[in-house]
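I opened my notebook to look around this protein. Here is what I looked up, entry by entry.

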Amino acid sequence: MAKNSYSDDEVRERLWEEIKGARFGMLGVVGSRDHFQPMTAFPDPEETTIWFFTRKDTTIARNAQDAATEAMFIIQSRDNDFQACIGGRLLQDANRERIDRYWNPLVAAWFPDGKDDAYLTLLKLEGRTAAVWIEDAGRARFSFEVAKANLTGKTPDLSEHHELPLGGGGLRA
């Protein structure tokens, strides 16, 4: 594994940037037999939370009615050089101010009655920890490290791994 060249603060900052840019990630409830599902993330660095639109009648929304529901959100950058898993508490919270703030045509496509759809709710993930992998090798170094590993039997040295505490109630920007 590569030597860590990023500070925890730099990794946290990159984590927020990647969540904002990812558009979609996979959200799931810890301990549930249900599969993780693709969700559009609306991160709020000021409040240290990630918000998701969903329907009240979904399994994940029903699971989030319990204040002790633990969940994980997984993202991967488009160029595959950044992966993260954020763990924390998931709550159902139909916050109208948040609905107004994050509403857009993509969200509207799933709610035919608009912001007043009876089935509309939000899920709020209060992050507590994150596992982050950052790979800065580029294609040439990646190819070299893989070839070297196959010749020498040594594992490729391609990425950094960071385990981050993210705060009691949420992610720290």
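**Pocket, a threonine and a helix**

I began with the lining of the largest pocket: strand 2 (37–40), strand 4 (49–55) and helix 4 (105–108) each supply at least two of its residues. I keep in mind that this is a predicted model.

Next I asked which element gives the most to that lining. I found strand 2, with 4 residues. The lining has 15 residues, and Pro 38, Met 39, Thr 40, Phe 53 and Trp 110 lie nearest the pocket's centre. I sorted the lining by class and got 10 nonpolar, 4 polar and 1 charged residues. For the volume of the largest pocket I noted about 340 Å³.

Then I turned to Thr 121, which I found in strand 7 (residues 120–135). Is Thr 121 buried or exposed? Its relative accessibility is 1%, so I wrote it down as buried. The side chain of Thr 121 makes a polar contact of 3.4 Å with that of Gln 92. Leaving out residues up to four places away in sequence, I listed what Thr 121 touches; among them are Phe 52, Phe 53, Arg 55, Ala 61, Gln 92 and Asp 93.

Last came helix 1 (residues 8–22). I checked its length: 15 residues at 1.5 Å a residue should span 21 Å, and the end C-alpha atoms are 20 Å apart, so the two agree. Its buried residues are Val 11, Arg 12, Arg 14, Leu 15, Trp 16, Glu 18, Ile 19 and Ala 22.

Key:
Residues are numbered from 1 along each chain as its sequence is written. This is a predicted model: local features need pLDDT of at least 70, side-chain atom pairs count only at pLDDT 80 or more; totals for chains, interfaces and linings use all residues. Side-chain values use heavy atoms; hydrogens and water are left out. On a 1 Å grid over the protein atoms alone, a cavity is a set of points where a 1.4 Å probe fits but cannot get out, and a pocket is an open set with protein on both sides within 12 Å along at least five of seven lines; lining residues have an atom within 4 Å of a point. Grid points are joined across faces, edges and corners, and a volume is the space filled by probe spheres set on the points. Ala, Val, Leu, Ile, Met, Phe, Trp, Tyr, Cys and Pro count as nonpolar, Asp, Glu, Lys and Arg as charged, and the others, Gly among them, as polar. Buried means under 20% relative accessible area, exposed over 50%, partly exposed in between (1.4 Å probe, protein chains only). A polar contact is a pair of N or O atoms within 3.5 Å; within protein, one must be able to donate a hydrogen and the other to accept it, and residues adjacent in sequence count only if both atoms are side-chain atoms. Contact means heavy atoms within 4.5 Å. The expected span of a helix is 1.5 Å times one less than its number of residues.
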